[in-house]
Amino acid sequence: MRVRFWNAYSHACVDDNDELILVTHSLGTVVTFNALMEPGDRILGQYVTDRELREKLIHLWKGNGSPKREKVLEKLNAWFTLGSPLDKFAAIWPRTIPINVDKSDPPVAIAGQPQTAIHYQRQIPWINVHDILDIIGAKLNNFAALQDKGFHLKNHPLVDRWTFL
């Protein structure tokens, strides 16, 4: 699934798109999250299978050394998750929902935080829409650490009017 995601995302990056917006639903949010947490050096090395596309991406993303996460996500302007079970996957299968550290990025010292923390200047809006009555998709409470990965999560409850007979 990561190969399919990164090949599609990479094609969109090299096309004449100024911005990308991801819209994912249910289990697709888990697959997308898992792919987006990959360190930059793995993306070109393991997931982009088209040789010609990889060459274009090296020029676009790489510069010196491994691709930097900020460069890879440069065109991504927003991510919408709808009915996401990420919180359940994180609780039940924490290894499925890793928040990886991209070792190719230099650590930044922030007052009161360890030197190993990586902080990105740009925060990509992540809008999670959830129905308060949905037992699968829910508000995502345990993803504050993603601020350090360049994502700013906002939960938006969807309230439907249910009439019980």
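Where does Asp18 lie in the chain? I began there and found Asp18 in the loop between helix H1 (2-14) and strand S1 (20-25). A reminder to myself before going on: this is a predicted model.

**Entry 1: around Asp18**

I checked how much cover Asp18 has. Its relative accessible area is 74%, so Asp18 counts as exposed, the cut-off being over 50%. I then looked at the charges around this loop residue. Asp18 belongs to a negative surface patch, together with Asp15, Asp16 and Glu19.

**Entry 2: the whole chain**

Next I stepped back for the overall layout. I count six helices and four strands. Read from the N terminus, the order of elements is α-β-α-α-α-α-β-α-β-β. Of the 165 residues, 39% count as buried. The chain exposes about 9800 Å², and carbon and sulfur atoms supply 56% of that area. I also looked at the contacts with a separation of 6 or more: residues 24 or more positions apart account for 80% of them.

**Entry 3: His11**

Back to helix H1, where I picked out His11. Is His11 buried or partly exposed? It is partly exposed, because its relative accessible area of 36% falls between the 20% and 50% cut-offs. I then listed its neighbours, leaving out residues up to four places away in sequence: His11 touches Asp50 and Leu53.

**Entry 4: helix H2**

How many of the 10 residues of helix H2 are buried? I found seven, so I wrote down this helix, residues 27-36, as mostly covered. The buried ones are Thr29, Val30, Thr32, Phe33, Asn34, Ala35 and Leu36. I kept a general point beside this list: an α-helix has 3.6 residues a turn, so residues three or four places apart point the same way.

**Entry 5: Thr81**

My last stop was strand S2 (residues 76-82), which holds Thr81. Why does Thr81 count as buried? Its relative accessible area is 0%, and buried means under 20%, so Thr81 qualifies. Which residues does Thr81 touch, not counting those up to four places away in sequence? My list reads Thr24, Thr29, Trp126, Ile127, Asn128 and Val129. One of these, Thr29, was already in my notes as a buried residue of H2.

Methods:
Residues numbered from 1 in each chain as written. Predicted model: local features only at pLDDT ≥ 70, side-chain atom pairs only at ≥ 80, totals over all residues. Heavy atoms only, no water. Patch = residues over 30% accessible without salt bridge, like charges linked within 9 Å, V, L, I, M, F, W, Y side chains within 5 Å. Areas by Shrake-Rupley, 256 points an atom, 1.4 Å probe, with all protein chains shown as cover. Salt bridge = Lys/Arg side-chain N within 4 Å of Asp/Glu carboxyl O. Lys, Arg positive; Asp, Glu negative; His and termini not counted. Charge placed at Lys NZ, Arg CZ, Asp CG, Glu CD. Helix = DSSP H or I, 4+ residues; strand = E, 2+ residues; numbered from the N terminus. Buried < 20%, exposed > 50% of the residue type's maximum accessible area, 1.4 Å probe, protein only. Contact = heavy atoms within 4.5 Å.
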